[in-house]
Each structure stands twice: as structure tokens, then as C-alpha cells.
Amino acid sequence: MAQKALKRGTGARGLRAILEDVMRDIMYDLPGREDVTEVVVTRECILEGRPPLLVTEPQRAKKEA
């Protein structure tokens, strides 16, 4: 990711733009998903445009009061 940002010549803003591009499809859905515990951005996400990996856990049954 840093190498891509260097090629853009934009420093930290370049890093942010690259990460936003990778996360664009999921960043609006994540706040509503309680099953996602981790988002893993891999080399393939940056270089090949693959989506990030979502690490999930089964949803626990909510206890009613």
C-alpha cells in the first residue's frame, strides 16, 4: 500500500485514498453487522482489487429482559 501511495506522490493522503478505495463497498454495511469481528486487508486487496476478508462469529441469541 505504501508503494502505491509513493507512486501517487501524495503521502498520507494517498494512503488514506487507497484504503478508502479498498473499504468502499463494505464500510457502510459494517456498522449494522454485529457478526463481523475483524476486517483483514490483504496484499491481494490492494494489488488486485479483491474485497477485504471479513472475520465473523456466529450471532449470539439476545436475552430479553
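The dialogue below goes from the overall fold to single residues and their contacts.

Guide: Please note at the outset that this is a predicted model. One begins with the secondary structure.

Visitor: In what order do the elements of the protein chain run from the N terminus on?

Guide: The order is α-α-β-α-β, which comprises three helices and two strands.

Visitor: How many of the residues in the protein chain are buried, as a percentage?

Guide: Of the 65 residues, 18% are buried. The chain exposes about 5700 Å², and carbon and sulfur atoms supply 50% of that area. As for contacts between residues at least 6 apart in sequence, 20% join residues at least 24 apart.

Visitor: Is Gly14 buried or exposed?

Guide: The idea is to compare the relative accessible area with a cut-off: buried means under 20%. Gly14 has a value of 0%, and therefore counts as buried. This residue lies in helix 2, which spans residues 12-23.

Visitor: Which residues does Gly14 touch, not counting those up to four places away in sequence?

Guide: Gly14 touches Ala5 and Arg8. A C-alpha separation can also be read: Gly14 and Lys4 are 10 residues apart along the chain, and their C-alpha atoms are separated by 8.0 Å.

Visitor: How many salt bridges does a search of the whole structure find?

Guide: The search finds four. Here a side-chain nitrogen of Lys or Arg must lie within 4 Å of a carboxyl oxygen of Asp or Glu. Asp35 is found in the loop between helix 2 and strand 1 and is buried at 17% relative accessibility, whereas Arg33 is partly exposed at 33%.

Visitor: Which residue forms a salt bridge with Arg24, and which with Glu48?

Guide: Arg24 pairs with Asp21, the closest N and O atoms being 3.1 Å apart. Arg24 is partly exposed at 45% relative accessibility, and Asp21 is partly exposed at 40%. Glu48 pairs with Arg50, with the closest N and O atoms 3.1 Å apart. In that pair, Glu48 counts as exposed at 52%, while Arg50 is partly exposed at 48%.

Visitor: Which residues form a nonpolar patch on the surface?

Guide: A patch is built from residues with over 30% relative accessible area. In this model Met1, Leu15, Leu19 and Val41 form one, with about 290 Å² of accessible area together. Val41 is partly exposed, with a value of 34%, and is found in the loop between strand 1 and helix 3.

Definitions and conventions: Residues numbered from 1 in each chain as written. Predicted model: local features only at pLDDT ≥ 70, side-chain atom pairs only at ≥ 80, totals over all residues. Heavy atoms only, no water. Helix = DSSP H or I, 4+ residues; strand = E, 2+ residues; numbered from the N terminus. Buried < 20%, exposed > 50% of the residue type's maximum accessible area, 1.4 Å probe, protein only. Contact = heavy atoms within 4.5 Å. Areas by Shrake-Rupley, 256 points an atom, 1.4 Å probe, with all protein chains shown as cover. Patch = residues over 30% accessible without salt bridge, like charges linked within 9 Å, V, L, I, M, F, W, Y side chains within 5 Å.
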